[in-house]
Amino acid sequence: MDEAPATSSHTAPGVPERFFGDPDFDFEARLALGLAAQGVGDIGQVLVTLAAIEDGSADGWFQAWRARAERLRAQAEVCATVGQVERARWCFLAASEAYSRALVFTTGMADSRVLAPTFSLHRKCWEGVVAHSEGRFLRVDVPYEGSALPGYLLRPDATGAPRPTLVLTNGSDGSLTALWGAGVAGALRRGFNAFVYDGPGQQSVLFERGIPFRPDWEAVLTPVVETLVARADVEARALLAYGISQAGFWLPRALAFEHRFVAAVVDPGVMDVSTSWTSNLPPELVALLRAGDREAFNEAMREADADPVLTRVLAFRSRPYGTRTPFDTFTEVSRYHLRDVVDRITTPLLITDPEDEQFWPGQSQALYHALPGEKSLARFTREDGANFHCQPLGRALTEVRMFDFFAEQLARRVH
């Protein structure tokens with residue numbers, strides 16, 4: 001068990017208490033800065049972009065990030081034309097992230113039709129990263145229920161040598177470029193492969209094909225494993241797994257059935273996804289939900305439409321579930337829990353546990369205590385500036401703790 005001592009509740013000196021008054025804007029600002037610190041864009045570019053945004057303005061957020069993305073994409077294309085491959089790759093990566101960041105609040109915009117064309121540009125820039133990788137990065141799709149999920153094998157070089165491979169599973173709304181700062185860059189620096197993909201309800205699979213989430217993620221992750229172990233450039237007995245945000249549920253769920261990973265990290269742990277949905281509901285609404293009173297629950301939720309922020313958040317969070325009414329969404333989310341399968345998990349698991357976790361407080365500890373096998377709880381604190389969900393301003397610290405854990409588990413497997 002890896003637990004840091006508790007710290008005081010005061011904000012750490014030098015860390016801004018708020019970048020924006022709107023809590024969602026503030027959190028997204030932290031995410032952007034954390035990615036920049038990991039090489040996705042530059043911190044100065046992020047700060048300049050944020051400074052141009054009116055607090056709480058969804059349209060202003062989109063316009064500022066779209067403008068930043070356009071500037072970076074133009075630079076990338078010029079660099080590609082003159083043969084500056086490394087700079088082109090860096091600019092394409094930063095542009096891809098900026099386009100993705102622009103999309104965060106489209107459900108609150110006056111015209112949300114900007115999503116499809118902006119997402120297309122995001123993916124075009126991501127493909128630019130792959131195209132300018134000098135053969136290191138490959139598109140590797142995953143067979144899935146008669147079709148395929150888009151996947152990418154990112155390798156530290158183009159030799160084709162078999163290597164330990166980190167499979168990264170995204171959360172409910174993260175992009176492939178966000179995974180770069182969550183673990184891809186760290187894997188490549190350490191001589192590992194990294195594999196990223198879109199699953200049901202995620203990114204291209206949702207936006208372009210309309211396929212919603214599913215709780216039984218073993219149906220997704222096992223085809224990923226089968227695809228990877230068949231490759232000569234993947235060391236089949238050295239697979240590692242990482243899941244961020246809502247994948248803190250999906251990854252443990254899959255690990256209850258898929259046992260070929262040496263070790264895994266969930267960031268954070270999630271025993272029950274529905275707690276982030278029901279914790280802010282009034283007791284009367286929770287009672288209606290549990291009683292199965294669809295009409296009364298939906299009518300009460302319609303009254304909440306007077307709050308534009310709540311309306312924006314609910315629309316954004318509900319879309320990937322593919323449901324039609326609030327009652328249907330809350331009912332579907334209630335299926336996303338580990339209570340029936342947690343005792344089957346045998347993979348050694350490291351669970352991050354940041355202070356001020358705003359979406360699933362207490363869930364990392366709940367998962368830790370429910371796991372029957374080898375487990376560690378990694379606390380992240382305000383004093384280190386590594387608080388909040390997925391510790392957005394503590395990504396370097398997260399990385400070193402994560403890869404220390406992986407190194408220890410791989411060494412055990414070798415010996």
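The following legends describe close-up views of a predicted model.

**Figure 1. Confidence along the predicted chain.** The pLDDT of the chain averages 93, and 95% of the residues score at least 70. Over residues 1-12, however, the pLDDT is below 50. Where pLDDT is low, predicted coordinates should not be read in detail.

**Figure 2. The packing of helix α3 against helix α5.** Two packed helices are described by the angle between their axes and by the distance between those axes. Helix α3 spans residues 58-81 and helix α5 spans residues 115-131. Their angle is about 35 degrees, and their axes lie 11 Å apart. The crossing of α3 and α5 is left-handed. On the α3 side, the contact is made by F62, R66, E70, R73 and E77; on the α5 side, T118, L121, K124 and C125 take part. By class, the residues of this contact between α3 and α5 comprise three nonpolar, one polar and five charged.

**Figure 3. The packing of helix α4 against helix α5.** Helix α4 is formed by residues 85-102, and its axis comes within 8 Å of the axis of α5. The two axes cross at roughly 155 degrees. Angles over 145 degrees count as roughly antiparallel, and α4 is therefore roughly antiparallel to α5. The crossing of α4 and α5 is left-handed. The contact of α4 with α5 contains eight nonpolar residues, five polar residues and one charged residue.

**Figure 4. The open sheet of eight strands.** The strands follow the order β1-β4-β6-β5-β7-β8-β9-β10, and their pairing is mixed. At the edges stand β1 (137-139) and β10 (375-380), each of which pairs on one side only. From one strand to the next, the twist averages 20 degrees.

**Figure 5. The pairing of strands β5 and β6.** Strand β5 covers residues 163-169, while strand β6 covers residues 193-197. The two strands pair in the parallel sense over four bridges. Within this view, T165 stands opposite N193 in β6. Helix α15 (residues 363-370) packs elsewhere on the sheet, where it touches β8 (261-267), β9 (349-354) and β10. The direction of α15 makes about 155 degrees with that of β9.

**Figure 6. The packing of helix α11 against helix α12.** Helix α11 consists of residues 283-291, and helix α12 consists of residues 294-303. They pack at an angle of about 145 degrees, with their axes 8 Å apart. The crossing of α11 and α12 is left-handed. In α11, the residues L285, L288 and L289 meet A296, F297, A300 and M301 of α12. The contact of α11 with α12 has seven nonpolar residues, with no polar and no charged residues.

**Figure 7. Backbone details in two loops.** The peptide bond from D267 to P268 is cis, and its omega is near 0 degrees. P268 is found in the loop between β8 and α10 (275-278). A further detail concerns D356, which lies in the loop between β9 and α15. The phi of D356 is near 65 degrees, a positive value in a residue other than glycine.

Terms used:
Residues are numbered from 1 along each chain as its sequence is written. This is a predicted model: local features need pLDDT of at least 70, side-chain atom pairs count only at pLDDT 80 or more; totals for chains, interfaces and linings use all residues. Side-chain values use heavy atoms; hydrogens and water are left out. Axes are lines fitted to C-alpha atoms, for helices over the stretch in contact, and angles run from 0 to 180 degrees between N-to-C directions. A crossing is left-handed if the near helix is turned anticlockwise from the far one by less than a right angle, and right-handed if clockwise. Contact means heavy atoms within 4.5 Å. Ala, Val, Leu, Ile, Met, Phe, Trp, Tyr, Cys and Pro count as nonpolar, Asp, Glu, Lys and Arg as charged, and the others, Gly among them, as polar. Two strands pair if DSSP finds at least two bridges between them. Angles under 35 degrees count as roughly parallel, over 145 as roughly antiparallel, 65 to 115 as roughly perpendicular and the rest as oblique. pLDDT is the predictor's confidence in each residue, from 0 to 100.
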